[in-house]
Amino acid sequence: MNGFLEGLRPEALDRKPYVSRHGLMGHPALTLETLADVLPSLPSEDVFHSNGQSAVDDNLDTAHIDHRPTQRLADAVSNLRDTQAYIMVRRPERHAAFQALHEQLCEEMGAHLRAVGQRGDISDAKLYLFIASPNAVTPFHIDRYSTFLLQFRGTKTVTVFPPWDPAVVSDLDTERYVTHEAGRPHWSPELDARGTRFTFEPGEALHIPFVSGHHVKNGPDDVSISMSVIFRTPETRTLTSALNFNRRLRRVLGVVGGQPAPIRPDHAVSMAKGRSWDALRRMAGRSPQPLES
């Protein structure tokens with residue numbers, strides 16, 4: 001069973017969102033019946049269950065606290081069509097049902113990276129599951145990873161914004177989030193005009209570039225099951241390091257009223273900042289950047 005069948009666009013990786021096809025429809029791990037068996041056996045800290053009536057401007061990281069569900073997890077999975085539930089599962093590959101799938105997608109993402117011409121390989125690849133009632137919303141957020149989102153059941157509308165657009169997420173907010181100094185950036189409704197809206201159906205895979213803002217609303221007709229594979233590339237690792245460099249430099253320049261040039265993936269100075277940060281970290285005996293999500 002191939003993870004991706006057609007339509008990958010190496011030149012667009014982490015530059016723009018686009019839709020391709022995946023070949024995992026019918027995978028036995030991604031049915032509601034299997035998920036109902038698997039979810040209770042996963043570590044509770046990796047299963048986030050909230051009421052599905054979140055809004056676009058809610059905080060994704062605290063939705064399971066701010067919108068506590070009225071039903072138990074097992075009941076929510078059994079009655080997703082008739083209840084308001086949103087279930088996000090981090091790293092389901094820790095369960096045997098998802099291990100081979102995780103390995104396969106890692107191999108395919110590595111091949112995709114080589115097609116882009118980047119040296120090295122992907123790292124810190126993880127799966128995320130999203131199981132939710134009709135009309136459920138995933139609030140606006142950015143991620144510290146590159147993402148492919150695969151749809152298996154139901155439909156959804158995914159609005160994705162250009163990466164590195166300071167009119168959507170300021171350079172300061174991007175730095176603060178990626179360097180773990182602040183939470184996810186805030187949402188404003190007037191931003192929607194800057195996004196690209198994808199109507200997303202089973203069998204499709206959507207690429208969401210590194211630090212691209214996005215939000216999601218499930219379709220009204222069926223339960224939605226989707227899965228993300230998220231990963232770092234050599235380029236995004238260097239960009240993460242460059243953002244750390246800029247965050248430190250911003251503090252120094254702020255004393256005299258200055259600010260650093262913004263980080264951009266196609267700027268030689270930005271990439272040089274990233275390599276310098278990595279060298280400084282290695283000299284101090286530390287890893288270049290943290291690997292937590």
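Two strands pair if DSSP finds at least two bridges between them. Helices (H or I, at least four residues) and strands (E, at least two) are DSSP runs, numbered from the N terminus. The model shown is predicted: local features need pLDDT of at least 70, side-chain atom pairs count only at pLDDT 80 or more, and totals for chains, interfaces and linings use all residues. Residues are numbered from 1 along each chain as its sequence is written, and side-chain values use heavy atoms, with hydrogens and water left out.

View 1. Strand β8 covers residues 156-160. With strand β11 (residues 214-218), β8 runs antiparallel, joined by five bridges. In this pairing, K156 stands opposite N218 of β11. Strand β9 (residues 196-200) also pairs with β8 in the antiparallel sense, over five bridges. Here T157 stands opposite T199 of β9. Four of the five residues of β8 are buried, leaving the strand mostly covered; buried means under 20% relative accessible area, exposed over 50%, and partly exposed in between (1.4 Å probe, protein chains only).

**View 2. The salt bridge between D143 and R184.** A salt bridge is a side-chain nitrogen of Lys or Arg within 4 Å of a carboxyl oxygen of Asp or Glu. The structure holds 16 of them. In the one between D143 and R184, the closest N and O atoms are 3.4 Å apart. D143 lies in the loop between β6 (137-141) and β7 (146-153) and R184 in the loop between α5 (171-178) and β9, so the pair ties together parts that are 41 residues apart in sequence. Both D143 and R184 are buried.

**View 3. The salt bridge between R251 and E181.** The closest N and O atoms of R251 and E181 are 2.1 Å apart. This pair links distant parts of the chain, 70 residues apart: R251 belongs to helix α6 (residues 234-254), and E181 to the loop between α5 and β9. R251 is partly exposed, at a relative accessible area of 43%. E181 is partly exposed as well, with a value of 38%.

View 4. D192 and R197 form a salt bridge in which the closest N and O atoms are 3.8 Å apart. D192 has a relative accessible area of 25% and is partly exposed, whereas R197, at 55% relative accessibility, counts as exposed.
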